[in-house]
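Subject: Structure for your review

Dear colleague,

Please find below the structure that I am handing over to you.

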Amino acid sequence: MSSYMFSQRTRANSMDWSDCGVTHRWWNTQVIREDLRKILKDKFPGEEIIIDYVPKDKDGDYYTNLAFKIASREGADPMAIANSIAEQISDPIIEKISVHRPAFINFTLNERYLQEQISKEITPDIGEGRRVLVEYVSANPTGPINVVSARAAAVGDALVKMLRKTGYQAYAEYYVNDAGRQTDLLAESITQRRIELSGGRAQIPENGYHGEYLKEVAKEIIAEGLETYEDIKKYAIDYFVKDHKKVMSDFGVDFDVWTRESDVYRSSDVDKALQILKEKNLTYSEEGALFFKTTAFGDDKDRVIITSDGRNTYLLPDIAYHLNKLERDYAQLVNIWGPDHHGRIKGILGGIQALGFTRDRLRILIVQEVKIKEHGRLVTMSKRAGTFTSLSDLLQRIDKDVVRFFFLMRSSSQHLDFDIDLAMKQSDENPVYYVQYAHARIKSIIRFAAQKEIGLKKNADASLLRESEELTLIKDILKYPEVLSDAVRNLEPYMITYHLIELARDFHSFYQKHRVVADDIQLTQARLYLINKVALTIKAGLELLGVSCPEEM
RNA sequence: GCGCCUGUAGCUCAAUCGGAUAGAGCAACGGAUUUCUAAUCCGUAGGUUGGGUGUUCGAGUCACCUCAGGCGCGCCA
């Protein structure tokens with residue numbers, strides 16, 4: 001059932017999902033696009049109907065490319081097919097159908113229909129109550145949260161909110177890698193810092209953690225009087241877990257569950273996963289190490305799960321953890337990983353299939369790199385050189401709303417340049433204020449109207465809204481649920497951000513041209529009704545993005 | 001050596017299973033406010049989508065080649 005939950009747009013962040021059996025692309029969501037699709041579907045059963053938006057400044061609102069499809073299949077003249085289709089279609093919601101070369105069929109919606117739609121509350125129910133677990137950030141407790149994790153946090157939190165809004169039972173989980181080799185390196189590195197603080201010379205392991213921030217932890221460890229390796233390790237891990245929890249909370253990101261890798265070890269999951277792999281004859285020993293035959297699931301080579309010196313590699317507990325998650329009965333797992341974890345994808349998907357689940361139960365989203373740009377120059381980030389920017393550094397300098405908005409302005413599968421100078425500007429150059437300002441402006445108008453004893457009516461006469469700017473706003477509002485469902489389907493919050501910017505722009509444009517509070521009381525009330533809808537839409541959208549929405553600015 | 005990502009206007013990015021004349025913001029230039037917030041609006045300019053070949057009615061999008069930048073991988077996560 002989960003196979004059609006999310007579409008597989010073949011993008012950077014996904015892999016080849018072509019074998020995931022995705023059958024549904026559109027949901028029955030009461031949106032206009034669906035109404036149109038249904039009209040065509042009734043007439044042309046068996047055809048795949050694509051409805052898209054007509055580019056701005058073109059004739060019509062929506063178009064279909066159906067004529068191309070039929071024409072190319074039947075070797076017929078596309079224009080003739082298009083004209084023939086156009087003649088066969090008629091419906092009260094369609095004002096006009098026009099055919100444009102080479103063979104687009106454009107639909108102009110009926111004005112009356114649009115005006116009526118505005119009073120409807122539409123929220124697409126895509127999830128139908130299905131349980132989804134989104135795991136994100138999951139930074140190792142070996143240092144501060146970096147900017148890529150920060151981006152993942154913004155994306156993950158927005159996704160969880162979006163999924164909840166559209167009918168999923170979505171949960172946010174943070175996986176703490178508090179076991180394994182990297183925590184040993186952490187403890188060793190701190191021990192060396194401790195020696196350094198006592199006047200000795202630090203000999204931090206080659207692949208250890210060289211950041212200055214460990215000195216702070218070492219000081220606390222001295223103050224606490226901790227001596228044993230295990231105590232130091234535990235203290236250090238707790239220190240960073242606590243730090244991560246605080247930073248996430250400062251960033252406004254809440255997790256439902258914090259799972260620790262050490263808990264996965266304590267449970268029987270690792271043994272159980274290993275047992276299953278062995279039983280299915282998917283392991284073999286070679287040169288003293290135990291291999292998992294990931295090539296059986298399309299990997300280019302098999303992966304080591306137990307090293308020749310008897311240690312688990314990350315893959316085994318990873319598989320065990322995913323077994324644990326799947327057994328908690330989620331219809332769909334979503335993992336958000338940084339670009340440096342790309343190499344893990346094949347192994348974990350192989351693991352999931354080995355455990356008897358279909359690979360589409362897990363969708364992995366790779367959130368791409370973030371580069372910090374300041375004074376027009378890119379700041380190279382290096383943990384080693386100690387020149388990396390942490391999320392808490394960022395939040396100290398830049399408002400949380402701005403940070404989140406910036407992270408959610410771009411497709412998460414694309415590299416992102418974070419322009420510090422632009423982010424710090426509290427001016428018109430900063431797009432986050434542009435959207436917030438539209439909302440505040442509307443609220444101000446509503447307050448102004450209230451002073452004049454003109455209140456918001458529940459049912460204003462929408463038929464008075466006939467100016468092109470008003471109809472544009474109506475369409476924007478009606479488009480919002482469509483955008484939301486697209487964004488959920490693609491797991492891409494930026495689509496919402498874009499639409500909010502467009503909506504704000506169309507509002508500012510309307511505002512410039514038309515007065516809301518005027519002598520014509522009927523029209524005033526209709527416009528108040530409209531702009532209130534705009535404000536509600538902006539507010540709803542910003543809420544999903546985790547960006548505040550002030551009443552005045 | 002192999003794998004992945006990226007390359008679109010001066011800068012940052014869009015372009016929805018391949019669709020119309022490739023769109024926004026910022027920066028630049030020129031305008032707009034006696035009235036509800038100028039953190040606003042309107043306009044001008046800016047492009048051989050890194051390059052090439054191919055598939056197609058149609059390519060920024062797909063295939064192959066090539067150039068450039070980034071990331072990852074060989075018993076670490």
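The notes below go from the chain as a whole to a sheet, a helix and a helix pair.

Please bear in mind that this is a predicted model. Chain A has 553 residues, of which 41% are buried. Its secondary structure amounts to 19 helices and 15 strands. Along the principal axes, the C-alpha atoms of chain A occupy a box of roughly 80 × 60 × 40 Å. Of the contacts in chain A with a separation of 6 or more, 70% are between residues 24 or more positions apart.

The sheet

Four strands form an open sheet in the order β1-β2-β4-β3, and their pairing is antiparallel. Its edges are β1 (51-53) and β3 (94-100), each of which pairs on one side only. On average, and with direction ignored, neighbouring strands of this sheet are turned by 30 degrees against each other.

Helix α3

Strands β3 and β4 also take part in the packing of a helix: together with α2 (66-74), they are what the buried residues of α3 pack against. Helix α3 spans residues 78-88, and its buried residues are Ile-81, Ala-82 and Ile-85. Viewed down the axis of α3, these residues fall within an arc of 100 degrees, and therefore they line one face of the helix. As background, an α-helix has 3.6 residues a turn, so residues three or four places apart point the same way.

The pair α17 and α18

Helix α17 (residues 468-490) packs with helix α18 (residues 494-513) at an angle of about 175 degrees, and their axes are 9 Å apart. Because an angle over 145 degrees counts as roughly antiparallel, α17 is described as roughly antiparallel to α18. Residues of α17 that make the contact include Leu-473, Tyr-480, Val-483 and Leu-484, while those of α18 include Ile-496, Leu-503, Phe-507 and Phe-510. Charged residues take part as well, among them Glu-469, Asp-476 and Lys-479 of α17 and Glu-502, Asp-506 and Lys-513 of α18. By class, the contact of α17 with α18 comprises ten nonpolar, eight charged and four polar residues.

With kind regards

Methods
Residues are numbered from 1 along each chain as its sequence is written. Chains are lettered from A and ligands numbered from 1 in the order in which they are written. This is a predicted model: local features need pLDDT of at least 70, side-chain atom pairs count only at pLDDT 80 or more; totals for chains, interfaces and linings use all residues. Two strands pair if DSSP finds at least two bridges between them. Helices (H or I, at least four residues) and strands (E, at least two) are DSSP runs, numbered from the N terminus. Axes are lines fitted to C-alpha atoms, for helices over the stretch in contact, and angles run from 0 to 180 degrees between N-to-C directions. Angles under 35 degrees count as roughly parallel, over 145 as roughly antiparallel, 65 to 115 as roughly perpendicular and the rest as oblique. Two residues are in contact if their C-beta atoms, placed from the backbone, lie within 7 Å. A residue is buried if 20 or more other C-beta atoms lie within 10 Å of its own, exposed if 12 or fewer, and partly exposed in between; C-beta atoms are placed from the backbone. The arc is that of the directions from the helix axis to the C-beta atoms.
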